[in-house]
Amino acid sequence: MATQHSRTSARIMVAPAVFVLLVWMLVPLCMTLYFSFADYRPLRATFDAWIGFDNYVSFLTSDSFLSSVGVTLQMVAGILCITIGGGVVLALLLDQPMFGQGIVRILVIAPFFVMPTVSALVWKNMFFNVDNGLFSYLWRFFGAQPYDFLSQAPLFSIIVIVAWQWLPFATLILLTAVQSLSSEQLEAAEMDGAPPLSRFWHIILPHLSRAITVVILIQTIFLLSIFAEIFVTTNGAFGTRTLTYLVYQRVLESQNIGLGSAGGIVAVILANVVAIFLMRIVGKNLDN
Amino acid sequence: MGRITLDRVQKKFGDVEVIPPLDLIIEDGEFVVFVGPSGCGKSTLLRLIAGLEDVSGGEIRIDGRPATDLPPAKRGLAMVFQSYALYPHMSVRKNIAFPLKMAGMAQDEQDRRIAKAATALNLTDYLDRRPGQLSGGQRQRVAIGRAIVREPAAFLFDEPLSNLDAALRVGMRMEISELHKTLATTMIYVTHDQVEAMTMADKIVVLRAGHVEQVGSPLELYKTPRNTFVAGFIGSPKMNLLTGAAAAAHGAATIGIRPEHLDVVDSGGTFTGRVGVAEHLGSDTFFHVHVPEMAEPMTVRAGGEVGLTHGDTIHLTPRAAHIHRFDAQGLRIA
């Protein structure tokens, strides 16, 4: 009953939630916008409320900006490749009937429940550590010189850590997609003379394409804001400074809130561009 | 060529024996229908022939060559699935071309065969559509098209009409029968619907719990059912199976009388009962008659214009020549 009365009461009911959301999102965004046009460096006690686009100009023209965008893209692309490739393989394996299926599935999902900071620390100290890490033991076992992952291949190391965390997510979504494939389709392909690899390429992979686009979309949005893994491992050194990390450095390490805010706004705009771009691809893929 | 021989073929799932050792010969060019109630193992048997399930024992030969250990693709058989199993992301053309592409056939030969199949199945206008844009009957035809382009030794149909509505089912039944006449290829067809079996088959195999109950032409099965199961399963409406005194009078444990072999007489008659439900089909009328000494109502076929309704008393006389007699084990007494 959409009477005047019920509509009014509906608005009153929704109001608190809308209010909280607005305050939660709009106030920080507006403050960031406000600071991005100000010269605000609290440690030097400078505060100039309006300096125009100076912050934006200096943020966008610095060398670190372009390199950080490049690093961000490399990181996201690398993680997506590993999680989707590995996710498809794991999903196909987990779909096979085996002993202890339920427990294995829960174990596979487990990394997703570990906090980013914790998992990065675990990887840093237990796997990548040159003196005591498991990889060093492995290298020494084969008589090789231990490899210092975090300083020799820092970007790759972070990609591995984050991919390890997100692999369960991709696996989970792809597994449900694999399970929804009708077995008659695979049997029909088998009767049609398709060997296993062709069945994967012509039947399974096209069936998974929707799930894969959904995984790409969701992961990209989350991966653009990776922070904890970089913070606890390389601190943004050795070419692992992403856009998010650069903004953090500008605000907290350089104590330049104006410059950091401008960077934040730039990051928001770039993330939205990526999101719109992805949404279009996904939308097109979901249509047919 | 497509002569399929099953020699002591057996299938077990764990400890459960789904199909006890079974012998069957399917001659080249025959239209064989496997029929039986759900869970009788007819689909499993078909999948064993297709190679989608491994046999637990025995041997399958196709054209004299042992095929027991061949993978499905190497057996030269094509299958039409109950759900059609079309590839949803491919156009109709690509669906039909898929087995040819997998066989590595030259493009112009592929095109020629697709065009031929599309013309035969009235699919020429739909070749560039996706399966999702087709109706049930058209999808069915695409599935058949995908099977015929391979020119297989035999076609296997797994309840292909069960997803269609009644009118379409009758039409597709005719089309498949026509197809069999033109191609003259062996076809094995699985169904639970005895009407499909009766109308399409050259040879019917009646299965119950994995056992072959009887093999024969539709009319053979209709006229001389080997046991009470086949007698009750083949024919619609079902044969009346009577036990007790009525059967003892004919020196049998059970007697069977088909509804059309019971005559309605004015008075006297062997059985007297009250009309329960009367189904008027226009050409025929089926009466369900409650006879006091019988547990189950008897079914009687009468002409279209019989003036009897619910609650009327009816007198019935069976035609002596058409009474089927079965012994205590349910087997036919010759």
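Tutor: We begin with confidence: pLDDT is the predictor's confidence in each residue, from 0 to 100. The model is a predicted one; chain B has a mean pLDDT of 88, and 100% of its residues reach 70 or more. The scores for the model are ipTM 0.80 and pTM 0.78.

Student: Why is α8(A) called roughly antiparallel to α10(A)?

Tutor: Helix α8 (residues 154-179) of chain A packs against helix α10 (residues 196-223) of chain A at an angle of about 150°, their axes being 9 Å apart. Angles over 145 degrees count as roughly antiparallel, and therefore α8(A) is described in that way relative to α10(A). The crossing of the two helices, α8(A) and α10(A), is right-handed.

Student: Why are β13 and β16 of chain B called edge strands?

Tutor: The open sheet has five strands in the order β13-β17-β14-β15-β16 (chain B), with antiparallel pairing. Strands β13 (262-265) and β16 (298-303) of chain B each pair on one side only.

Student: How do you know that β14 and β17 of chain B pair?

Tutor: Pairing requires at least two bridges, and four bridges join β14 (residues 271-280) to β17 (residues 313-318) of chain B, running antiparallel. Thr272(B), for instance, has His315(B) in β17(B) as its bridge partner.

Definitions and conventions:
Residues are numbered from 1 along each chain as its sequence is written. Chains are lettered from A and ligands numbered from 1 in the order in which they are written. This is a predicted model: local features need pLDDT of at least 70, side-chain atom pairs count only at pLDDT 80 or more; totals for chains, interfaces and linings use all residues. Axes are lines fitted to C-alpha atoms, for helices over the stretch in contact, and angles run from 0 to 180 degrees between N-to-C directions. Angles under 35 degrees count as roughly parallel, over 145 as roughly antiparallel, 65 to 115 as roughly perpendicular and the rest as oblique. A crossing is left-handed if the near helix is turned anticlockwise from the far one by less than a right angle, and right-handed if clockwise.
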